[in-house]
Amino acid sequence: MGQRDITKERYSDGKPVLRRFHQARWDEPIIFELSRAGQRGILVPEVDEEIRARAGDVLATLPDGMRRKDPPALPELSQPQVVRHYARLSQENLGADLNVDIGQGTCTMKYSPKINDQLAANPKLLDLHPFQDEETVQGILEVMYRFEQILKEISGLDRFSLQPGAGSAAIYANVSIIRAYHEARGESKQRDEIITTIFSHPSNAACAKTAGYRVITLYPDDDGYPDLDALKAAVSERTAGLLITNPEDTGIYNPKIAEFVDIVHGAGGLCSYDQANANGVLGITRAREADFDLCHFNLHKTFSTPHGCGGPAVGATGVKEELARFLPVPLVEYDGDRYRLDYDLADSIGKVGSFHGVPAVVVKAYAWAMSLGADGLREVAGIAVLNNNYLLKKMLEIPGLSIPYAKGKRRIEQVRYSWEKLAEETGVHSEELGIRAADFGVHYWTSHHPFVVPEPCTLEPTESYSKDELDEYVAIIAHVAREAYTDPEIVKSAPHNSTVHTIEHEPFDDPSQWAVTWRAFRRKVGGD
Amino acid sequence: MTEAAGRCPKLGLIVNPVAGLGGRVGLKGSDGEEIQKRALELGAVPGAQGRAAQALERVSSIVNTDIITWPVEMGEDVAKRCGLDPTVVGSIEPGKTSAEDTRHAAAGMLQAGVDLLLFAGGDGTARDICGAVGSKVPVLGIPAGVKIHSAAFATTPLAAGDLASLYLQGRVSALREAEVIDIDEEALRRGDITVRLFGYLKVPFRTSLIQSLKSASGPGEKVAMQAIAATVVEVMEKGVLYIIGPGTTTREVMTGLGLGKTLVGVDVVEDGRIVASDANESQILSLIAGRRAVIVVTPIGGQGCIFGRGNQQISPEVIRRVGRENIIVVGTPGKLNTLAGRPLWVDTGDREVDGMLYGHYRVVTGYNEEAICRVSG
């Protein structure tokens with residue numbers, strides 16, 4: 001039997017035959033709703049008579065203050081019910097392992113080799129305990145130390161902490177370091193403002209705010225670059241620092257970034273470079289050369305660890321030598337023979353995560369970086385940018401789509417597109433196109449709020465996808481955009497093959513309606 | 001109130017038959033009998049019926065409703081054209097309807113207890129409906145007029161149909177206060193633009209379906225306004241007069257102080273107390289004589305004017321005396337976004353004062369949050 005040519009099956013007469021996707025039609029309830037009193041997953045056997053006789057009532061030794069008054073309000077289910085519950089939930093997903101996942105721009109949804117997951121799942125790592133003596137954990141300390149050296153080379157900065165458990169945690173750590181720096185100089189009261197830009201990742205504004213700073217946001221100039229004149233108007237003796245992303249979420253690289261840093265330095269502030277997504281600049285530009293004082297990398301984006309539904313992550317925080325004394329403790333030190341943990345930083349901002357962060361994520365990132373080597377990391381950036389600009393060219397052939405700002409300039413690793421024209425001509429909105437695309441097994445994300453770019457969609461193809469896969473993605477989006485002109489109803493009533501069709505968005509904007517736990521939900525909507 | 005509540009929802013329909021007449025023939029609006037006559041002479045074709053029909057067809061294809069409407073060209077015709085069997089109330093003189101009829105019809109819908117009032121028209125129609133029903137009943141505009149500056153309109157007739165259906169089905173429950181803005185057509189024909197904030201209508205809200213270019217105040221906006229108000233109240237000083245301009249954002253400042261606000265007027269506050277409500281220029285000038293005063297203003301959504309449109313009481317002389325350094329500009333990120341990158345602007349009627357106001361400002365956008373915005377002419 002000859003080999004099947006998949007490409008032929010997907011394309012006929014040069015026209016793509018689109019893959020139809022059909023999600024499992026579960027509408028799985030919340031696990032608490034599945035609970036029935038008395039159901040059990042595990043029945044713990046009674047303690048043997050002999051053990052009971054010798055040990056006595058072990059619970060009697062617990063102090064009264066440590067005893068719960070009521071049993072915990074956990075759901076009560078049998079084991080197979082739990083297995084079915086989570087299997088069904090996973091089938092309601094359109095995750096990275098299931099689709100050409102280039103529509104989740106800014107998230108750097110690259111393929112994360114499964115072998116790196118296996119390394120991280122190795123019992124030699126899993127069975128470690130953070131309280132073990134450092135002499136017995138030399139291996140993981142070595143991995144952490146070596147990975148720090150890689151990040152130092154990539155950024156040009158001098159020390160890194162791997163403790164922050166997310167990108168936002170890293171930004172928060174950086175803001176704390178900025179404050180500690182000004183405190184050490186007796187200026188922290190006076191310097192109460194942090195500057196950022198509207199197209200920087202919103203976590204920058206949020207973290208500065210959480211840390212108690214007044215946040216000053218710069219809007220783009222007419223060409224879509226952060227407005228240098230606005231920055232000049234913003235800096236003062238109250239400026240603590242600048243938190244900025246480059247390239248911004250539009251995919252546009254700010255060519256005046258060094259000037260930005262100079263102006264803020266001139267006002268006495270520090271500059272922190274949000275490199276959560278460094279996929280387009282690995283081995284090409286560095287924080288050091290633009291004179292940044294701090295930076296951070298999301299290992300769960302650029303470093304393929306992967307982006308796990310808000311799961312285990314690391315936001316590696318890096319600083320120049322003169323700020324190293326403020327880093328979270330402990331740092332990993334190496335004396336040429338042994339690795340040890342250094343807690344002895346008098347000016348440290350303290351801990352920003354428990355123990356040493358998430359070593360399993362560091363193992364995956366280290367394995368990924370080592371498998372590529374320095375040249376390979378640079379090639380990642382090259383392919384990611386090439387993929388993005390290929391996709392950009394193909395996407396712009398679709399009627400109704402455009403890109404705002406920076407005319408004639410290429411984009412770096414992602415693009416924020418605008419369907420403004422299509423929406424005006426058809427009444428179909430960007431969000432609806434993205435939802436309709438899910439019927440073909442892909443989707444896209446629009447943008448952070450507010451939508452500064454009208455009718456936005458943000459695509460980031462990374463280095464993981466082949467030309468065929470990018471073509472398939474474009475063919476799907478082109479098909480959906482054509483439907484918007486010829487049969488808008490089918491787009492507006494999508495998705496047709498998913499469990500949940502449309503949801504009302506506006507309550508998500510209203511904190512008084514939020515409930516992030518089951519208990520809070522019950523409290524807000526009634527029940528017991 | 002809706003299908004979800006287990007009964008057939010009531011939809012009120014009002015068509016302003018002359019809406020949009022003046023647009024294509026270049027008359028910048030359709031207010032007034034004389035203009036409507038001239039528009040027809042110039043070959044204008046009434047388009048409101050068709051646009052209303054598009055929206056109504058969409059609604060009737062999605063949800064079962066009882067339609068309540070006004071006679072002949074004010075809704076009855078459209079409903080019947082869509083194959084519906086409406087309850088027709090009120091009376092008109094066909095071919096000779098006026099703003100008065102719109103106001104009567106709106107009041108009639110309110111009395112009939114409609115769940116949602118859908119109207120086809122422009123800013124003038126929105127103004128008439130707003131005057132008649134205020135925020136007593138949810139309202140949604142089908143864009144059919146020449147001027148569509150108000151935020152009470154859906155983006156297209158089909159979007160109006162979609163949003164009305166979602167609301168009647170109970171799938172959208174959020175309501176927002178939408179600005180009703182009207183431009184003085186007489187002045188516009190002379191080349192002057194005078195924007196007036198007329199009032200607010202309560203409008204169903206779903207981000208992508210509502211006229212987003214002209215400012216919105218959804219649930220998230222409300223929270224942002226409260227955050228702005230908290231910041232302003234925190235920086236208020238004793239013994240200083242605060243001149244509070246019109247708007248929902250500035251109203252939150254007053255609410256934060258436990259005070260009521262003249263929504264489309266200017267109030268003056270000192271030490272947490274109102275010293276003048278709905279003040280005019282001379283009142284303001286006499287209050288601030290020899291005193292330190294601060295102006296709190298918000299840009300008009302979608303346009304970005306901070307002085308000279310809708311707040312002329314804060315005159316060039318008031319601004320000169322208060323001084324640029326004592327102006328607090330407030331606006332939610334959502335509202336700034338409605339400017340689509342355009343700068344804020346001023347047109348006080350006094351070049352020197354305008355010039356003094358140009359340059360970059362810190363606009364309060366949330367609690368301890370500011371944006372740097374440029375003000376131009």
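Colleague: What makes the area between domain 1 of chain A and domain 3 of chain A a buried area, and how much is it?

Modeller: In this predicted model, domain 1 of chain A and domain 3 of chain A bury about 1300 Å² between them, and carbon and sulfur atoms account for 56% of it. The value is the accessible area lost by the two parts on being put together, summed over both, and is therefore called buried. Val100(A), Ile102(A) and Gln104(A) supply 48% of what domain 1 of chain A buries against domain 3 of chain A, more than any other three residues.

Colleague: How do you know that domain 1 of chain A and domain 3 of chain A are in contact, and what is the distance between their centres?

Modeller: The centres, taken over C-alpha atoms, are separated by 40 Å. Eleven residues of domain 1 of chain A are in contact with 21 residues of domain 3 of chain A. The bounds assigned to chain A are 25–104 for domain 1, 151–370 for domain 2 and 385–503 for domain 3.

Colleague: Why is the contact of Arg251(B) with Glu177(B) called a salt bridge?

Modeller: The N to O value for these two side chains is 2.4 Å. The cut-off is 4 Å between a side-chain nitrogen of Lys or Arg and a carboxyl oxygen of Asp or Glu, so the pair qualifies. Between domain 1 of chain B and domain 2 of chain B the count is one salt bridge. Strand E6 (175–183) and strand E7 (195–204) of chain B each supply at least two residues of the side of domain 1 that touches domain 2. E7(B) gives the most to that side, with five residues.

Colleague: What is the extent of the interface between domain 1 of chain B and domain 2 of chain B?

Modeller: The two domains of chain B bury about 1000 Å², of which 58% comes from carbon and sulfur atoms. The contact takes 14 residues from domain 1 of chain B and 15 from domain 2 of chain B.

Colleague: What makes the pair Arg214(A) and Glu370(B) a salt bridge, and how many salt bridges are there between the two chains?

Modeller: The N to O value for Arg214(A) and Glu370(B) is 3.0 Å. This is within the 4 Å limit, and the pair is therefore counted. The count between chain B and chain A is five salt bridges, and twelve residue pairs are in polar contact, both at pLDDT 80 or more. Among the elements that give two or more residues to the side of chain B that touches chain A are helix H9 (219–235) and strand E16 (369–376) of chain B. The area buried between chain B and chain A is about 2600 Å², with 47% on carbon and sulfur atoms.

Colleague: How do you know that strand E5 of chain A and E16(B) pair, and in which sense?

Modeller: Strand E5 (residues 214–218) of chain A joins E16(B) over four bridges in the parallel sense. Val215(A) has Glu369(B) as its bridge partner in E16(B).

Colleague: Why are strand E3 and strand E5 of chain B called edge strands?

Modeller: The open sheet of five strands has the order E3-E2-E1-E4-E5 (chain B), with parallel pairing. Strand E3 (87–88) and strand E5 (139–143) of chain B each have a single partner strand, so one side of each lacks a neighbour in the sheet. Elsewhere in that order, strand E1 (residues 10–15) and strand E4 (residues 116–121) of chain B run parallel and are joined by five bridges. Leu11(B) is opposite Leu116(B) in E4(B).

Colleague: In which sense do strand E10 and strand E11 of chain A pair?

Modeller: Strand E10 (residues 331–334) and strand E11 (residues 339–342) of chain A pair in the antiparallel sense over four bridges. Glu333(A) has Arg340(A) as its bridge partner in E11(A). The hairpin has four residues between the strands, and Gly336(A) takes a positive phi near 95 degrees there.

How values were computed: Residues numbered from 1 in each chain as written. Chains lettered and ligands numbered in written order. Predicted model: local features only at pLDDT ≥ 70, side-chain atom pairs only at ≥ 80, totals over all residues. Heavy atoms only, no water. Contact = heavy atoms within 4.5 Å. Buried area = accessible area lost by both parts, 1.4 Å probe. Polar contact = N/O pair within 3.5 Å; in protein donor to acceptor, adjacent residues only side chain to side chain. Pairing = 2+ DSSP bridges. Domains from an automatic or database assignment.
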